[in-house]
Amino acid sequence: MKKIIIANWKMNPPSPKEAQAIFAKVKGRAARLSGVETVIAPPFVFLPILKSGGKIKLAAQDVAKDDGGPWTGEVSARMVKGLGASYAIIGHSERRELGEGDEVVREKLYQSLSRGIKSVLCVGEKEKSQEVFPHIVRDEIKKALRGIPKYFASKTIIAYEPVWAISSHSKGKADTPQNFFEMSIFIRRTVLDVWGKLAALRLPIIYGGSVNAKNARGFLEVDGGAGVLVGKASLDAREFNKILEIANTI
Ligand code: PEP
């Protein structure tokens, strides 16, 4: 199975020119790596200028909860698909922080999957000290998947992103591969309750939170782990390319 490496550029870089420059460097490297599914999630406005193709896939960082209509500032799954995005990030903690609740995440996931987009559902607890954190993750998954037909399972990816581990968090420090391993088992069990055994076994589960070229190998080698979601380090093409190279060897 190819490792899935997703670059989440967030609201970066500031100009189309810089976006094209990072993209070109990553595209060149990705073209030589057969063991990696390389995905870049730029801001919406850069989707039309960054052409997918070759070994690189484009992702939207979000989609609207509706397919069209009076939603100022929103961008639909249909629109991003039309611009070449074959992946979408859904329910990122930075969106949840802006007030996106579980029901909205569910609607967005449904919209994205309905358009045939591979949808990366982000889940994760806010504080490291939260003793009940597996239950928080289970709750997020169950609420997001409620009513989503099982036949969408093959297009669903779950990203375990503990919020405290994200680099922009005040204490942002990567989780451990061991914890990711344990969480991936827990996530699979949760998906089993909703979609059954086959879907749970096949579900790609990736890790996100302060991944860089130094620590990526640990997460990529986790048994049952399918890849990583990379924020800050993905804006440095050299660093991101190193992560791609490592993934290609596993
Ligand atoms: C993210 O926010 O999705 C993320 C993985 O960020 P970082 O790698 O910067 O922690």
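In the predicted model, local features need pLDDT of at least 70 and side-chain atom pairs count only at pLDDT 80 or more, while totals for chains, interfaces and linings use all residues. Residues are numbered from 1 along each chain as its sequence is written, and side-chain values use heavy atoms, with hydrogens and water left out.

**Pockets**

- A pocket here is an open set of points on a 1 Å grid over the protein atoms alone, where a 1.4 Å probe fits and protein lies on both sides within 12 Å along at least five of seven lines; lining residues have an atom within 4 Å of a point.
- Grid points are joined across faces, edges and corners, and a volume is the space filled by probe spheres set on the points.
- By class, the lining of the second largest pocket holds nine nonpolar, two polar and six charged residues (Ala, Val, Leu, Ile, Met, Phe, Trp, Tyr, Cys and Pro count as nonpolar, Asp, Glu, Lys and Arg as charged, and the others, Gly among them, as polar).
- The largest pocket holds about 420 Å³, and among its 18 lining residues K10, M11, Q61, D62 and R95 lie nearest the centre.
- Nine nonpolar, four polar and five charged residues make up the lining of the largest pocket.

**The loop between β1 and α1**

- K10 sits in the loop between β1 and α1, and its phi is near 55°, a positive value in a residue other than glycine.
- P13 belongs to the loop between β1 and α1 (16-30), and a cis peptide bond with omega of about -10° joins N12 and P13.
- Most residues other than glycine have a negative phi, and most peptide bonds are trans.

**Barrel and helices**

- Eight strands form a closed barrel in the order β1-β2-β3-β4-β5-β6-β7-β8, with parallel pairing (strands pair if DSSP finds at least two bridges between them).
- Neighbouring strands of this sheet are turned by 25° against each other on average, direction ignored.
- Between β2 (residues 36-41) and β3 (residues 56-60), parallel pairing runs over three bridges, and V39 has K57 in β3 as its bridge partner.
- Helix α4 (residues 102-114) packs on the sheet, touching β4 (85-90), β5 (118-123) and β6, and its direction makes about 170° with that of β4 (contact means heavy atoms within 4.5 Å; axes are lines fitted to C-alpha atoms, for helices over the stretch in contact, and angles run from 0 to 180 degrees between N-to-C directions).
- Helix α9 (residues 237-248) lies across β1 (3-8), β2 and β8 (227-230), at about 170° to β1.
- The axes of α5 (residues 133-145) and α6 (residues 177-195) come within 10 Å and cross at roughly 40°.
- Residues in the contact of α5 with α6 include F133, I141 and L145 of α5 and M183, F186 and W195 of α6.
- That contact divides into 11 nonpolar, three polar and three charged residues.

Note on methods. Helix = DSSP H or I, 4+ residues; strand = E, 2+ residues; numbered from the N terminus.
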